[in-house]
Amino acid sequence: MKKAAVIGLGDISSIHLRAIDQNPDITLAAVCDTDRQAGAPAGVPFYTDYKEMIQKERPDVVHICLPHYLHVPVSEAAALMGVHVFCEKPVALNTEQAEEFAAFEAAHPELHMGICLQNRVNESVEKLKALIDSGEYGRVLGVKGIVPWARTKEYYDVKPWRGKWKTAGGGCMINQSVHTLDLMYYLAGPVAGLRASVSQLLDYGIEVEDTVSACLTFENGARGLFMATNANYKNQSVQISLQTEKAEFIIDDNVLCQIGEDGIRRALAEDARLPGSKFYYGASHGKLINGFYRALEEGTEDYIHVKDALMSIRLIDAIHQSSRTQSYIRV
């Protein structure tokens, strides 16, 4: 039985708390938030100082569910107190910080530091990854990722850190569509470079971007198109299309299909669904969290490491650099 603690009781924490509650091999030892009014589970010790919580409760794992700018410093401080870390995305604010975090991970092999890029274990993605890796359909020729989402001005007003470079590290890319960027190179392979355009279509008075488009070139010669926005009228399905030498695939509305020459879609896999208004979180948090604890129990490395999440931040920084300089950027 592993003891878990959650640091940060914002929106995403409920997903982590549910996963912990549903796993009979994990017990929730404590929670922590600087806001004393934060909703904590009944009967669970509540702290406002995470270091005090770790010292007194001695959890095996702390779940980092904090604003972006606190991910690395709190993760590293907790790890130095001898606990394993499971950190929400993004892995860091920028490439420099992400590389420092990866170096910290490498320097502490006795500790597990998992990053929550849960869409890698969606049923649709697992199936598509297996098909690509099998070599049955030849090499990847192209990939497209589209994230047509919506965020209101109130979304940023309620939690101002979301709209600032210093605390969020970016806008629609690092917050809403980092998963899609991660999946594009996870499925299609390493990215060689890109050209991009970043903008604000909404008059929200925030610092960060709300819309982006990028053309990516992959080391294997494949071409990629990435588009993301928070300026849509509502959240619509994230779509990932992938063309190989012998077949075409699409993940749309959480269903993986192979598209025949006649244009007819044949379903191959479907993701588990998360009920409620936060459906876009996906339902794979629990699957990824359970896998992380299983890796702890078995002493394996079978989870998403800090180093595995590094490329998503490099891509985001490269996209911003390309837009600023109006030039092709090598990644």
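Lysine 287 and glutamate 123 form a salt bridge, with their closest N and O atoms 3.7 Å apart. Lysine 287 sits in helix H10 (residues 285–298) and glutamate 123 in helix H5 (residues 123–134), so the pair ties together parts that are 164 residues apart in sequence. The model is predicted. Its salt bridges come to 13. The points below cover some of them, then a charged surface patch and some backbone features.

- Lysine 287 is partly exposed, because its relative accessible area is 33%, between the limits of 20% and 50%.
- Glutamate 123 is also partly exposed, at 27% relative accessibility.

**A salt bridge between distant loops**

- Arginine 162 and aspartate 11 meet through their side chains in a salt bridge of 3.1 Å, N to O.
- This pair links distant parts of the chain, 151 residues apart.
- Arginine 162 lies in the loop between helix H6 (153–158) and helix H7 (165–168).
- Aspartate 11 lies in the loop between strand E1 (2–7) and H1.
- Arginine 162 is buried, because its relative accessible area is 9%, and buried means under 20%.
- Aspartate 11 is partly exposed, with a relative accessibility of 37%.
- Asp11, Lys159 and Arg162 belong to one network, joined by salt bridges that share partners.

**A salt bridge inside one helix**

- Glutamate 52 and lysine 56 also meet in a salt bridge, at 2.8 Å from N to O.
- Both residues are in helix H2 (residues 50–57).
- They are four residues apart, so about one helical turn separates them.
- Glutamate 52 counts as partly exposed, at 30% relative accessibility.
- Lysine 56 is exposed, because its relative accessible area is 56%, and exposed means over 50%.

- Aspartate 25 counts as exposed, because its relative accessibility is 53%.

**Backbone features**

- Most residues other than glycine have a negative phi, and most peptide bonds are trans.
- The peptide bond from lysine 89 to proline 90 is cis, with omega near -5°.
- Proline 90 is placed in the loop between strand E5 (84–88) and helix H4 (95–107).
- Arginine 58 is not a glycine, yet its phi is positive, near 50°.
- Arginine 58 is found in the loop between H2 and strand E4 (61–64).
- At 43% relative accessibility, arginine 58 is partly exposed.
- Glutamine 326 has a positive phi of about 55°, although it is not a glycine.
- Glutamine 326 is in the loop between helix H11 (306–325) and strand E15 (329–330).
- Glutamine 326 is exposed, because its relative accessibility is 68%, and exposed means over 50%.

Note on methods
Residues are numbered from 1 along each chain as its sequence is written. This is a predicted model: local features need pLDDT of at least 70, side-chain atom pairs count only at pLDDT 80 or more; totals for chains, interfaces and linings use all residues. Side-chain values use heavy atoms; hydrogens and water are left out. Buried means under 20% relative accessible area, exposed over 50%, partly exposed in between (1.4 Å probe, protein chains only). A salt bridge is a side-chain nitrogen of Lys or Arg within 4 Å of a carboxyl oxygen of Asp or Glu. Helices (H or I, at least four residues) and strands (E, at least two) are DSSP runs, numbered from the N terminus.
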